[in-house]
Amino acid sequence: MKIYIDPDFKCYTAPGEGRTAVETDFFDGKCPAFIEGYRFIPSGEHWTREDGVVFVGEMVAPWKDWRELDAAQREYERQLIAEYEQALSEIEAALGVTM
Amino acid sequence: MIINMSGGGIDNLKFRVYAATSLPASGKENDVCIITSTPIFRWEVFPVAPTWESINGWVYIQNAPAYSFEYPNVNILKKNIIWLFFVKCWQYENGNWSSKDAYQYRNGAWVQFSTVFRATINITYPAGSTCKATCGSTTLTAPNTSGTWACAVPNAGTWTVMATDGASTKAETVDITQEGQELSIELSYRFYLFMEGQGMQNGFNFEASLSSYTSADNNRITYNNNCQLWGAFQIKPNIDMSIYKSICFDVDVEATWQSGSYSLVYGVGAYVSSNFHDENQGTWAAKATSTVAGNPDRAVYRVDLSGVESAQYVKFLTVGTQGYVYNIWLE
């Protein structure tokens, strides 16, 4: 999928000023809140952390607390399942299917 | 500072040296007052800074070294007048020479000729830890566990700075050589999961995904994967990553096979119960991928864990490449 990174390699789901589009499958199926808590350093580039440690790409790592991102993703998936079940129920009702 | 002692006879060449915790309102001409709470055991004047062991309380007034015939450190100008040029005052306390605030009473006023040694070690250490700085028998302790400490050191020397959090410790030494010096040091814990020559850390297990491609002994982990299958390993159990900022793999890539794709994928994430590979994208919390080719120099491959505040498994995957992992640590 396509994401967008700013000059600090932070990820976004929408384009914006100063953002560069990159392709990655790391975020396939992930919700925007999850994606936007990550930093993505493309191959061939490097990022220097505030303490001076250098990380070379390709690297993908959360800059927000991963627990928050994971919780957001789980809630996103729970809602998706609920929507699918609702849609399935409506189809079953329309077809007169009884369990 | 030039002192001028005049008068008749040898008795008039005396001057008083005494200790006080604060400067008196006035004194006698040529009095030397040293601000200290340590009683003066004995004092002397000498033209070099003291470096040797002494007796607690000994005071050492340093006069300027003789630069040349024109600039001696003691100058007898005429009868009964001796000029001394005081530049520093030291006192031996708890095994170290400490510089002191010191004053001379001259022409009806106190004039400072020595200041307490002031140097700063700006220390960054893992928040929640205790931090100490030690030189000889002097130990300074950080006032809190915030993770930063501007440590004002009272004397030159080799200072050992140590952070401690439970069983994790990290110490480094810094040399303070001059007054006013300011330097920075960062301490981070390095916890070895696998160490060259020692193997796996006690309490942790190496689990190969495809044992024919990946194995470990006490010296190193070997991966030998010249095909397109994923040779991989995980380390069990999971580890609380919240006190670490990086996972590091010390890797020597020996060869890569140009006929196909090749890569190393490494980082932390959820446990995968059976043959895991990079298609398990959803199982990673943080990872990096290297497609370095050929036979590069042994190097450390890092992944940032700044945002990983939870327990995760360490994972390492290979495809189309052969080499060794000598060390794996968290820091």
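Select B:Glu93 and B:Ser98 in this predicted model: their side chains make a polar contact at 3.2 Å. A polar contact here is a pair of N or O atoms within 3.5 Å; within protein, one atom must be able to donate a hydrogen and the other to accept it, and residues adjacent in sequence count only if both atoms are side-chain atoms. B:Glu93 belongs to strand 7 of chain B, residues 81–93. Helices (H or I, at least four residues) and strands (E, at least two) are DSSP runs, numbered from the N terminus.

Keep B:Glu93 selected and show its surroundings. Apart from neighbours within four places in sequence, B:Glu93 is in contact with B:Thr36, B:Thr38, B:Asn56, B:Ser98 and B:Lys100, where contact means heavy atoms within 4.5 Å. B:Glu93 has 12% relative accessibility and so counts as buried. Buried means under 20% relative accessible area, exposed over 50%, and partly exposed in between (1.4 Å probe, protein chains only).

A note on conventions: residues are numbered from 1 along each chain as its sequence is written, and chains are lettered from A and ligands numbered from 1 in the order in which they are written. Local features need pLDDT of at least 70, side-chain atom pairs count only at pLDDT 80 or more, totals for chains, interfaces and linings use all residues, and side-chain values use heavy atoms, with hydrogens and water left out.

Next, backbone geometry. In chain B, go to B:Asn30, in the loop between strand 2 (17–20) and strand 3 (32–35). B:Asn30 is not a glycine, yet has a positive phi of about 80 degrees; its relative accessibility is 7%, so it counts as buried. Then select B:Lys236 and B:Pro237, which are linked by a cis peptide bond with omega near -5 degrees. B:Pro237 lies in strand 23 of chain B, residues 231–240.

Move to chain A and select A:Phe9, in the loop between strand 1 (2–5) and strand 2 (11–12). A:Phe9 has a positive phi of about 70 degrees although it is not a glycine, and at 10% relative accessibility it counts as buried. Further along, the peptide bond from A:Gly57 to A:Glu58 is cis, with omega near 10 degrees. A:Glu58 sits in the loop between strand 6 (54–56) and strand 7 (59–62).

Now colour chain A by secondary structure. Chain A has two helices and seven strands, in the order β-β-β-α-β-β-β-β-α along the sequence. Of its 99 residues, 34% are buried.

Finally, show both chains and select the contact between them: 21 residues from chain A and 21 from chain B. Together the chains bury about 1700 Å², 49% of it on carbon and sulfur atoms; buried area is the accessible area (1.4 Å probe) that two parts lose on being put together, summed over both. A:Phe26, A:Arg49 and A:Trp66 supply 28% of the area that chain A buries against chain B, more than any other three residues.

Which residue forms a salt bridge with A:Arg49? Select B:Asp304: the closest N and O atoms of the pair are 2.8 Å apart. A salt bridge is a side-chain nitrogen of Lys or Arg within 4 Å of a carboxyl oxygen of Asp or Glu. On the side of chain A that touches chain B, strand 6, strand 7 and helix 2 (66–95) each supply at least two residues. Strand 7 gives the most, with four residues.
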